[in-house]
Amino acid sequence: GDGAQADNVTGDFTLDWGRVETEYWLVVGLYDGASHTGVSGNVTVNGGVLEVGVRKNDEGVYVESENGCIQLGRAPGSTTTFTQNDGEVSSQSGGNSGENALVLGNAANTVATYSIYGGTYTARTGKILIAEGSGSTGALNVCGGTVYAAAITNGLGSATVNLDGGTLYPLAGGVFIPKGVTLNVGDNGGTIYLAGHDVTIDGDVTGTGSLTVTGWGTLTVNG
């Protein structure tokens, strides 16, 4: 995602199999401090393992680094996508990303989308932040597979979670989806697996599909 350093540039990365590790963050639609237009970036994971924010210690054992966030849309006005068809993707909080492991729409006036159709995405530590920048539009589309995170939060833009055949797996109790994040349940429905947590959804809940709740624990919907 480091290809967007000039006007009208698109950076693309595809993982079909194998394992890719980064010690630090993964940025799609990178901002270099100048003013650019037409910047976009796309990541596609069809299989394999993409692990952001890990390194080998002196004993050769993988440990978490200090900054392992995935950020989509650091360039103002950029359009970025992350499409996961299968495989395992994970990241973590830390560094300048604060408590966020995945940020969709980091800068102002960006459009950022993470769509998962199979496999797993895991926020090993931290939260998912959607539409951080002013005027940004961010969407997490869970159309299959499972998304693991402590919470899904919003910034200054328009934030939506589209649940349409996949599973949300809260890793902690408390407010999982706050006010300001819309949970839209599509025709294929969706599942929230509580795993012993008492979880609250304060954001608006829309859509025509059915929401299935599994695992012990309590789900409270206030939206």
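Which residues does Thr-80 touch, not counting those up to four places away in sequence?

1. Thr-80 and its surroundings. Thr-80 touches Val-28, Gly-29, Gly-41, Leu-72, Gly-73, Val-111, Ala-112 and Thr-113, with residues up to four places away in sequence left out; a contact here means heavy atoms within 4.5 Å. The residue sits in strand E9, residues 79-84. Thr-80 counts as buried because its relative accessible area is 0%; buried means under 20% relative accessible area, exposed over 50%, and partly exposed in between, with a 1.4 Å probe and protein chains only.

2. Basis of the model. This is a predicted model, in which local features need pLDDT of at least 70, side-chain atom pairs count only at pLDDT 80 or more, and totals for chains, interfaces and linings use all residues. Residues are numbered from 1 along each chain as its sequence is written, and side-chain values use heavy atoms, with hydrogens and water left out.

3. Confidence. The protein chain has a mean pLDDT of 90, and 90% of its residues reach 70 or more; pLDDT is the predictor's confidence in each residue, from 0 to 100. Over residues 1-6 pLDDT stays under 50, and the model has 18 contacts for them beyond four places in sequence. Where pLDDT is low, the predicted coordinates should not be read in detail.

4. Overall make-up. The protein chain has 26 strands and zero helices. Both are DSSP runs numbered from the N terminus: helices are H or I with at least four residues, strands E with at least two. Of the 223 residues, 45% count as buried. Among contacts with a separation of 6 or more, 66% are between residues 24 or more positions apart. The accessible surface comes to about 9,300 Å², and 46% of that belongs to carbon and sulfur atoms; the areas come from the Shrake-Rupley method with a 1.4 Å probe.

5. Strands E11, E14 and E17. E11 (residues 100-104) and E14 (residues 127-130) run parallel and are joined by four bridges. E14 is also joined to E17 (residues 152-154), in parallel, by three bridges. Two strands pair if DSSP finds at least two bridges between them. Ile-128 in E14 stands opposite Leu-102, and its bridge partner in E17 is Ile-152.

6. Gly-173. This residue lies in the loop between strand E19 (167-170) and strand E20 (174-177). Gly-173 counts as partly exposed because its relative accessibility is 45%. Beyond four places in sequence, Gly-173 touches His-197 and Asp-198. Its C-alpha atom is 9.6 Å from that of Ala-195, which is 22 residues away along the chain.
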